[in-house]
Structures are given as structure tokens and as C-alpha cells.
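Here's a quick briefing on the fold you're about to look at. Have the viewer open and follow along.

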Amino acid sequence: MEDVREYGFSVIVDARHSSWHSTKMVLHSLQEVLPGQVHVAYIIQSSHFWQKQATTRGHNKEKKKNRLEFSTIMLSEVDKLKRHIDPSQVTFDLGGYLPYSHDDWIKLRYDLERFIASFNALMEHTSHVEQQLHMQGAEGEGGDVETAEDALTRHIQIHDQLRKAPQSTIREGNELLRRLEQGRDEGGTSAMTPDKINAVTVIRRLLESVNRRQTQMDDMWRERRAVLEQTLELRVFEKALQKVRGWLKARGEETLSSRNDIGEDLDSTQLIQEQHNKFEAKAKSMYNNLTQLRRMADRFAGKSHFAADTLQRQVAKLSTKFSRFENHLGERRRIVVGSLRFHTSYKE
């Protein structure tokens, strides 16, 4: 269309059923809408207001401000249009054989504009969802297990939006392409006009943009899901680790350091041993939990978890403290067993 604008438009005005006043209004409107872009206007007139003299660049009696900036050529018959314009560029109703239906053109423009509006709405919606992904990702990276679980659940729900949102726009665009590439609109016009070719180009470009954007959002969604899943794993791990650490500090070490009694007789010593056995059983349970955490940390390292190094250091540090605690626990066991043997022998 740019090369056409350089030469200027040739406009055909079918004024056979219009007054000269209405025709002039059309010509001046063309001048206002397309300033400097109209080269010539061919006016087909009816016999009852035919003017013998062709008017070029305005009538001499018109005021200067109302003069036209382009040439006008008056034609008394439709057939005379062929002297000036190739019939292949003229529609059937004007004696040519250019396939054109104005109703089809209106329908095409309406459907195309509706598709473009659908595309713009989809892009706006996608940008909103993208913001949600970033916000939920940030929220899910902090907090506790419940917060991480909630963030992951909402993130999974967003995937349904990402999957469903483009479907109607893609379906609408493909249906338009199908109609246009078959070379016909709903009215049956068969040739591919420049408007239709341009529409096909626009639709394909927008559909490609939708596909690229959808792929981009899918990739982003998967990346955020991986982060949220690892964050949930991290929070579960930290909670379990804190449980072992808290027991070791508040119950394990403090309880062990406060138990110095070895019993005054066999009965009291047996009671002390029973209490110690229960304490050891609890300590063993915590050690088993720590062993599981150590294995989890190793698995995290194997699958490149973003916090694997930190978790392995934390587990190693706690394991060292737990080993010292077990050594002290063993010493306490030996003291209790020795006391029990002494009181047993003494009673015998």
C-alpha cells in the first residue's frame, strides 16, 4: 500500500443516485481525510445533472477555500470508466471484473478487529498472570511449610488459566485463516484481494505472538513450580531439622546433664535404669530422624536443589553435636549399669 500512496489514490465516486451537493461533500471529505494523497477522482453522473465541462482542481465559481487539491473527471456513462482505469481494477457493478463484496469486506474488518481486540485482551491478561507468578514465587520463598504449600497450590491453579486463556483467541484466529486461505469469505467471494492478503499476514503474525508468549509463560510457570517445590522441600526439611535440634538442646543435653543420681539401693537403681532406657529410646528415635535428614540432603544435592549445600552443612553440624551427645549418653549408661551391678551383688 505504501507504493500506492506515493502515486496517489484514484477514487471512483458513483454519483448516479446522488445530488451534486452530496457528491461535493464526498470529494471534500476525501480531501480532508486523505490530504495530498488523492491523485484524481472519477465521478459517474446521471444525465439529469450532467455538466458538460470537466472540472479540474475545482470549479472557477467556487471560493478558493473550497477548491479541491486533486483532479476530477466527470463521466456520463459507466462504460467510459474503462478509458481511464483497467477493468481488472474496477468492481462488477461498475463494469469491471474485480471480485469485491462490500458486505464481505465489512464482515472481514469486523472479524479481524474482533480478533485483534481478543489478542490485546489476551496479552493484557497474560501480563497480569505473569505478575501473579512473580508475586506468588516471592511469597512462597518465605514463611513456613503451610505458606509454601499454599503458594504451590495456587501456582498449580494458575496453570489452568495459562492453558485455557489462549484457546478462544487461537481458535478465532485459525477460523479466520481457514476462511481467508480458502480464498472466500462467508459471502462466497473467491479471490484473494490485497486486504485479505494483508489480513492473513496480520493474523499469522498475531497467532505466532500468542504461541511464543504461551511458550514463554509455560517455561516461566515450570521454572517457578520447580522453585516452589524445592522451597516446600526446604521448609519441610527445616521443620524436621529444627525438631531434632530443639529436642537435643532442650530435652537431650539438658536432661542428660541433670541426671547424676546412681541410686542408693537396688530398687532405686532399677528405676533409674528404666528411666535411662526410655531416654535412650527417644534419643535413638531422634537419631533415626537425623539419619533420614542426612539422606534427604544427599538427594537434594543429587538433583541440584538450590539449598543443597546449606542443608548438608546444617545436617553435618547437627550430626557432630549429636555424636558428642551419644558419647555422653553412653557414659551415663555405663555408670547406671555399673551401679545396678553393684547393688545386685551387694544384695546377694
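Is Thr169 buried or exposed? With a relative accessible area of 2%, Thr169 is buried, because anything under 20% gets that label. Keep in mind as you read on that this is a predicted model.

**Around Thr169**
- Thr169 sits in helix H5, which covers residues 167-181.
- Setting aside its neighbours within four places in sequence, Thr169 is in contact with Phe115, Ser118, Phe119, Leu122, Leu207 and Val210.

**The chain as a whole**
- You'll find eight helices and three strands in the chain.
- Going along the sequence, they come in the pattern α-β-α-β-β-α-α-α-α-α-α.
- Of the chain's 348 residues, 36% count as buried.
- If you take the contacts in the chain with a separation of 6 or more, 77% of them are between residues 24 or more positions apart.

**The sheet**
- The three strands make an open sheet, ordered S1-S2-S3, with parallel pairing.
- Strands S1 (9-15) and S3 (71-75) stand at the edges with a single partner strand each, so one side of each has no neighbour in the sheet.
- From one strand to the next, the twist averages 20°.
- S1 and S2 (residues 38-45) run parallel and are joined by seven bridges.

**Helix H7**
- Helix H7 takes in residues 266-302, which is 37 residues.
- How far apart are the end C-alpha atoms of H7? They are 53 Å apart, which agrees with the 54 Å that H7 should span at 1.5 Å a residue.
- At the N-terminal end, Asp265 caps H7: one of its side-chain oxygens lies 3.3 Å from the backbone nitrogen of Asp267.
- After H7 comes Ser304, which has a positive phi, near 60°.

How values were computed: Residues numbered from 1 in each chain as written. Predicted model: local features only at pLDDT ≥ 70, side-chain atom pairs only at ≥ 80, totals over all residues. Heavy atoms only, no water. Pairing = 2+ DSSP bridges. Helix = DSSP H or I, 4+ residues; strand = E, 2+ residues; numbered from the N terminus. Axes fitted to C-alpha atoms, helices over the stretch in contact; angles between N-to-C directions. Buried < 20%, exposed > 50% of the residue type's maximum accessible area, 1.4 Å probe, protein only. Contact = heavy atoms within 4.5 Å. Expected span 1.5 Å × (residues − 1). Polar contact = N/O pair within 3.5 Å; in protein donor to acceptor, adjacent residues only side chain to side chain.
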